[in-house]
Amino acid sequence: MKFGKTFESYLTTEWRQQYMNYTELKEMIREAVNEAPSSKDAPLSVILEYFENFEGNFFAACHEELTRVQDFYAQKLAEARRKVYTMEIQLNASQSLPNQRSPNTRSLGLACSEFYLSLIMLQNFQSLNYTAFRKICKKYDKNFKSVKGAQWFEENVSQAPFAKDQELKSMIIKVEELYTLHLTNGDRAKAMAKLRVPPMGERLPPSQVFLAGVVLGLFIVSAVIILISLYFIRDKLDLIDVFVRLYRGPIASGLASFLFALNVYVWQSKGINHVLIFNIDLRNHMQATSFLEFASTMSFISTMSMILFIHHKEFEVNDPHYFPMICIVLPLLLLINPIRIMNRPARMWILRVIGRIFAAPFYGVIFPDFWLADQFTSMTLCMVDYFEIVRFYIRYFRNSDNAFEFEPDYWITVVRVLPPWFRLAQCLRRYYDNKFKYRDHLLNAIKYGIGIIVITFSCVVMETSHKYKHMFDNPWIWCYIAAIFISTVYSCVWDLVCDFGLFKIWKGENIFLRENLIYPKGFYYFAIVSNVLLRFVWALELYLIYFNYLSPFYSKTITSFLEIVRRFIWNFIRLENEHLYNVGHFRAVRDIYLKPISMSEMDVDNHPKTSYLNSVINSFK
């Protein structure tokens, strides 16, 4: 692999702007060689003057790049010195606590591991830039038959403070020793296993790709069998109606899982650090193939359940209604399974995030919490479907006469209200926690409050529709349309301006977009148009119902699937916008909050420096 590609694949994306611009300097050399005057057409003095001018410009550019690299390295090294000192004080202080397994101990371990990761990233930053300067100077000498490049490198880069990594290496060793002594009771092997940093640019194991492909193939085959089977039983309308009502939720969740796997693949391809954004440990994160394997596995389980439901007579099963339970029970058991199999850290991460979503008013909110809650708002109908499946089985096992009635009731309205309520509570909590009291959180809360009003009007329309011959004879329908129109316009503006960060530029090449773009420019215009159209998809639902093209159930099925697609597109730009925020603040590792240890909890006699602890502990934030 050429160094240019190696350089791009190994750099820390959040610090990209602080690396030396190897590609630009390489292009300068290439253009200078191509545009150099020919010895046949120009006198020697003109040729010498051309190369002297280029030499001055080239090494001036190199010096500018070196200054930026050195300044950033010095800044990060100074931060590292402060954090090493703070960490040592905190770890020593924790030893004097009566209960060393305090709640802060786990935070200390996380802070140490994240700090260790930042030191490895800084070491990688130093090594890559040092090599890049050496390579570009060597390329200069090679193309211009000169030794000026090697001389400039020895006089400037080799003697630069950033080229000397002894202090950084000593910090890395210091963290390893502190972690071993205080957090693993002297077990260095265990400490290094915890601190292990995955290799930069690590390739996927072929076995994982193969397994994902096998499961995906099984799902595709089973899905084709289902489509063919449905065609041959198209006359059994009662069976098909129950089939669709019991399996619409698993189908929707399967679609969302596949689309999210594609989201992850694109984020990884474009260098968007979703691992940091989702506050996941870099050592345990899942690759796109893992998400594809998960989506394929869950979808294959669902399709096998569907095949058993459709062909229950061929399997000599009299009652097919037990098979849809597989789509709920088996995934739930796999999710809550405490055994360390099937990526237990990822499963526990999901459960923790879901727990924080339900407890939104009482706990602080971070990006994964409100991101997943936003996904729930797009999966509302899927949540309703799962609720209806549970309700069906409760009635079915009780032999109730209304077991096969899937008409909505007040409990379904409660289920529909839950996702916007979660987000409303999160927004209020974020406003409460923000010391600057940004109004953006309140404005966002209003959006979800309007959403709850829309659901309320929808419930009233549902309960009063039987009193009127036509849909628009019901006066409540106009309240519903007015509310959902206001909600849609509000949500569209919020999506485009706040979530996407677009409409920062109103003229020029990037009109209606922003300065920094990661995806192709056309994708943003497509996202703007598609987001607006899919936000107004409720109008299509009303149209299909009013003119009796489809029943309300199937109309809502179409709109819910389109909403999942809209959220899929939304995920691309929302994560990109968050990534650009991290880049702008050079944030490359997770922020771990450490609760300061009070003086009353510490053995002050054994720690004379502890008076300084509370003043420096916030350096981890």
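Analyst: A term to begin with: a residue is buried if its relative accessible area is under 20%, exposed if over 50%, and partly exposed in between, using a 1.4 Å probe and protein chains only. At 3% relative accessibility, Phe 278 therefore counts as buried. This is a predicted model, in which local features need pLDDT of at least 70 and side-chain atom pairs count only at pLDDT 80 or more, while totals for chains, interfaces and linings use all residues. Residues are numbered from 1 along each chain as its sequence is written, and side-chain values use heavy atoms, with hydrogens and water left out.

User: How many helices and strands are in the protein?

Analyst: The protein has 22 helices and 0 strands, where helices (H or I, at least four residues) and strands (E, at least two) are DSSP runs numbered from the N terminus. Of its 621 residues, 47% are buried, and the C-alpha trace spans about 95 × 80 × 55 Å along its principal axes.

User: Back to Phe 278, which residue does it form an aromatic pair with?

Analyst: Rings of Phe, Tyr and Trp (its six-membered ring) pair if their centres lie within 6.5 Å, and planes under 30 degrees apart count as stacked, over 60 as edge-to-face and the rest as tilted. The search of the whole structure finds 66 aromatic pairs. One of them joins Phe 260 and Trp 371, whose ring centres are 5.5 Å apart with planes at 50°, so this pair is tilted. Phe 278 pairs with Phe 367, also tilted, at 6.0 Å centre to centre and 40° between the planes. Phe 278 lies in the loop between α10 (274–277) and α11 (288–310) and Phe 367 in helix α14, so the pair ties together parts that are 89 residues apart in sequence.

User: And is Phe 367 buried or exposed?

Analyst: Phe 367 is buried, with a relative accessible area of 8%, and Trp 371 counts as buried at 7%.

User: Switching topic, what covers the buried residues of α19?

Analyst: The cover includes α18 (475–499), α20 (537–546) and α21 (552–584), with contact meaning heavy atoms within 4.5 Å. Among the buried residues of α19 are Tyr 524, Ile 528 and Leu 534.

User: Which ring does the charged end of Arg 567 sit over?

Analyst: The charged end of Arg 567 sits over the ring of Trp 570, 4.4 Å from its centre; the rule asks for NZ of Lys or CZ of Arg within 6 Å of the ring centre and within 35 degrees of the ring normal.
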